[in-house]
Amino acid sequence: MAKNREALLKKEVWEYDESCPGCKIDHLKESNPGIPFKLLFYVWIVVLCAALPISSLFPFLYFMIRDFHIAKREEDIGFYAGYVGSSFMFGRALTSVIWGMVADRYGRKPVITAGLISLIIFNTLFGLSTNFWMALSTRFLLGSLCGILGPMRAYASEVCRKEYQALGMSIISTAWGIGLVIGPALGGFLAQPAEKFPHIFSKESLFGRFPYFLPSLLISTFALGVSVLCYWLPETLHIHKENKEQNELYAWEVAAYGGDVKEKLKKFEGKGPNQQQSLLKNWPLMSSIIVYCVFQLHDMAYAEIFSLWAISPSEYGGLGYSTADVGEVLAMSGIHL
């Protein structure tokens with residue numbers, strides 16, 4: 001029996017180039033038919049790191065806005081908390097496509113590394129926020145500069161053979177779910193440590209003056225460790241020197257001869273099935289995006305609205321929960337997701 005069984009689905013690839021990281025990954029997949037546990041571990045831990053700061057603030061967001069003294073009435077705290085809670089996803093929605101284009105052009109690893117560095121910086125600054133505008137801007141910058149999730153989905157599909165790509169996608173979902181469990185738990189149990197653990201943290205200490213810094217610090221420290229680990233993260237994008245030379249030659253010909261070169265290339269290439277089409281006209285893709293948007297709308301609306309309602313005082317129709325209570329409920333709901 002042959003030692004290496006053939007891939008289930010064959011595809012035409014570039015001629016093997018030793019200097020191309022994508023070719024090395026393809027060669028690794030062809031020579032090792034098993035599950036790439038090491039590479040999937042990288043995927044799992046990076047996605048987990050990206051998921052932690054998303055929901056870690058919800059258990060203490062109400063108290064954070066209250067301490068900023070920007071709301072004139074206690075009933076208005078939820079109004080300002082909504083802006084801070086949605087700023088992360090708003091920034092992410094604005095730049096996710098851009099980060100995907102950058103990953104397709106320059107590689108997955110640079111985008112992942114840049115996202116982890118931005119997570120370390122702006123998540124730490126969010127924990128040190130002293131006013132509403134600082135919290136709002138740091139969360140927005142965190143969401144807009146941390147474009148990890150999209151490239152990681154592509155990365156998971158590229159490091160796995162065709163028969164294991166579903167496993168790679170499930171690894172991402174699993175890490176995301178674990179992040180939705182650990183994130184609220186960290187925010188709920190570790191926020192306001194001087195009040196919960198006065199024998200360890202005094203009110204005059206750093207964590208007493210910044211009561212929401214401890215959970216952010218732990219997440220940023222974990223992200224720092226993951227960013228160091230990403231030094232050994234292999235690139236998967238195909239980068240071929242001859243293609244760059246052909247693109248430079250084509251650009252020189254267009255500059256020298258004008259539009260005639262483009263017309264000749266169009267006639268030569270024809271209008272076959274390989275011609276690129278607009279993604280907006282890809283109905284299976286767009287329908288999947290719409291379904292995903294509806295699910296995420298429900299998920300994020302629950303996480304933010306429930307936490308604000310649960311923490312609100314009973315005289316305003318809330319449950320009067322503490323940060324630890326909200327963190328425990330959100331963690332349990334994250335296990336269900």
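Which residues do ring pairs link into a cluster? Read on to point 3 for the reply.

1. First, some ground rules. This is a predicted model, where local features need pLDDT of at least 70 and side-chain atom pairs count only at pLDDT 80 or more, while totals for chains, interfaces and linings use all residues. Residues are numbered from 1 along each chain as its sequence is written, and side-chain values use heavy atoms, with hydrogens and water left out.

2. The unreviewed UniProt entry carries the annotation "transmembrane region" for residues 39–65, 77–99, 111–134, 140–156, 168–192 and 212–234; such annotations may be inferred rather than shown by experiment. In the model, residues 39–65 are 81% helix and 0% strand, with end C-alpha atoms 41 Å apart. For residues 111–134 the figures are 83% helix, 0% strand and 25 Å. Helices here are DSSP runs (H or I, at least four residues), and strands are runs of E, at least two.

3. Now the rings. F79, Y80, Y83, F132 and W133 are the cluster linked by ring pairs. Rings of Phe, Tyr and Trp (its six-membered ring) pair if their centres lie within 6.5 Å; planes under 30 degrees apart are stacked, over 60 edge-to-face, and the rest tilted. That rule gives 12 aromatic pairs. F79 and Y80 make an edge-to-face one, 5.2 Å centre to centre with 85° between the planes. The F207 and F213 planes are at 20°, so that pair is stacked, with ring centres 5.8 Å apart.

4. Two charges are worth a look. R139 has its charged end over the ring of F126, 5.5 Å from the centre, and K109 does likewise over the ring of Y231, at 5.8 Å. The test is NZ of Lys or CZ of Arg within 6 Å of the ring centre and within 35 degrees of the ring normal.

5. On to the inside. A nonpolar core is a set of buried Ala, Val, Leu, Ile, Met, Phe, Trp, Tyr and Cys residues joined through side-chain atoms within 4.5 Å; buried means under 20% relative accessible area, exposed over 50%, partly exposed in between (1.4 Å probe, protein chains only). The largest core has 66 residues, and V43, V46, V47, I65, V84 and M152 touch the most other members. Helix α2 (residues 37–55) gives the most to this core, 13 residues. Another core, of six residues, lies apart from it and includes F201, F207, F210 and F213.

6. Finally, the cysteines. Zero disulfides turn up in the whole structure, taking a disulfide as a pair of cysteine sulfur atoms within 2.5 Å. For C20, the nearest cysteine sulfur belongs to C23, 3.6 Å away.
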